[in-house]
Amino acid sequence: MGIWIIIIVFGIISFAVSSRLKSKFKKYSQVPLRKDLSGAEVAQLMLADHGIHDVKVTAVQGRLTDHYNPMNKTVNLSEEVYHGRNAAAAAVASHECGHAVQHATAYSMLEFRSAMVPLQNASAKILNVIMMVMLFGGMFLFSAFPYELVLLTIIGAYGVMTLFSFVTLPVEFDASKRALAWVQGRNIVDSGEYDMAKDALKWAAMTYVVAAIGSLVTLLYYISLFLGNRD
């Protein structure tokens with residue numbers, strides 16, 4: 001029951017934060033940018049100002065699907081951000097370019113996070129398999145493998161995912177810091193638009209904070225089960 005309580009509680013918190021982010025984005029998307037620049041133009045300008053000429057700005061489908069891909073050096077903006085000429089679009093576009101700047105300057109936490117991606121993906125797959133087996137055939141799992149071994153495997157996988165979640169936080173906060181400093185210094189936004197951009201990025205960051213705390217609480221739960229079983 002304990003793990004289901006954790007999942008439900010953090011599921012509700014995550015939904016609330018995500019809903020708040022969408023509400024903020026919708027609100028600030030209705031405020032035309034004084035400079036009348038689209039998200040794509042903001043991104044291209046920020047990249048050029050930082051001497052980055054090998055990163056392509058592209059449009060992708062979906063809402064809030066914006067991301068930077070270091071593998072092929074692309075800033076991928078959702079269509080409403082790519083074409084949007086508002087404070088929200090400027091905030092998101094500059095934030096994703098913040099990751100491109102991190103990549104170009106070999107920001108240590110981004111490099112650490114990128115190095116962890118294969119391990120994080122493997123851990124997620126292991127957890128998915130274990131959870132599926134536990135859900136549909138828990139007795140088989142614990143008859144085939146010792147209970148402590150299963151718990152240790154879960155703890156190891158969640159340990160990797162928790163570390164990945166917390167490493168992500170400084171990467172995201174730093175990208176927002178770079179973005180806000182640039183849009184303000186370059187006069188892309190006025191004072192009111194700056195406050196909107198800062199608020200939008202704050203709520204975007206909160207989604208990562210909730211995910212990290214949720215992962216940590218889940219890890220501690222399984223550690224407590226393991227220690228309790230040993231006692």
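**View 1. Aspartate 174 and arginine 178 share helix 6.** Both residues lie in helix 6, four residues apart, about one turn of the helix. Helices are DSSP runs (H or I, at least four residues), as are strands (E, at least two), and both are numbered from the N terminus. The model shown is predicted: local features need pLDDT of at least 70, and side-chain atom pairs count only at pLDDT 80 or more, while totals for chains, interfaces and linings use all residues. Residues are numbered from 1 along each chain as its sequence is written, and side-chain values use heavy atoms, with hydrogens and water left out. The side chains of aspartate 174 and arginine 178 form a salt bridge, 2.5 Å from N to O. A salt bridge is a side-chain nitrogen of Lys or Arg within 4 Å of a carboxyl oxygen of Asp or Glu. Aspartate 174 is buried, at 16% relative accessibility. Arginine 178 is partly exposed, at 26%. Buried means under 20% relative accessible area, exposed over 50%, and partly exposed in between (1.4 Å probe, protein chains only). The charged end of arginine 178 also sits over the ring of tyrosine 107, 5.5 Å from its centre. For this, CZ of Arg or NZ of Lys must be within 6 Å of the ring centre and within 35 degrees of the ring normal.

**View 2. Lys24, Asp199 and Lys202 are linked in a network of salt bridges.** Aspartate 199 pairs with lysine 24, and their closest N and O atoms are 2.9 Å apart. This pair links distant parts of the chain: aspartate 199 is in helix 7 and lysine 24 in helix 1, 175 residues apart. Aspartate 199 is buried, with a relative accessible area of 14%. Lysine 24 is buried too, at 13%. Aspartate 199 also forms a salt bridge with lysine 202, with the closest N and O atoms 3.4 Å apart. These two are three residues apart in helix 7, about one helical turn. Lysine 202 is partly exposed, at 44%.

**View 3. Ring pairs link Tyr158, Tyr221 and Tyr222 into a cluster.** Rings of Phe, Tyr and Trp (its six-membered ring) pair if their centres lie within 6.5 Å; planes under 30 degrees apart count as stacked, over 60 as edge-to-face and the rest as tilted. By this rule there are two aromatic pairs. The rings of tyrosine 158 and tyrosine 222 have centres 5.9 Å apart and planes at 20 degrees, so they are stacked. Tyrosine 158 lies in helix 6 (residues 147–185) and tyrosine 222 in helix 7 (residues 191–230), so the pair ties together parts 64 residues apart in sequence. Tyrosine 222 is buried, with a relative accessible area of 5%. The rings of tyrosine 221 and tyrosine 222 have centres 5.3 Å apart and planes at 70 degrees, so this pair is edge-to-face.

**View 4. The largest nonpolar core has 34 residues.** Such a core is a set of buried Ala, Val, Leu, Ile, Met, Phe, Trp, Tyr and Cys residues joined through side-chain atoms within 4.5 Å. Residues with the most contacts inside it include Val42, Leu47 and Ile188. Helix 4 gives the most to this core, with nine residues. In soluble globular proteins, nonpolar side chains tend to be buried together.
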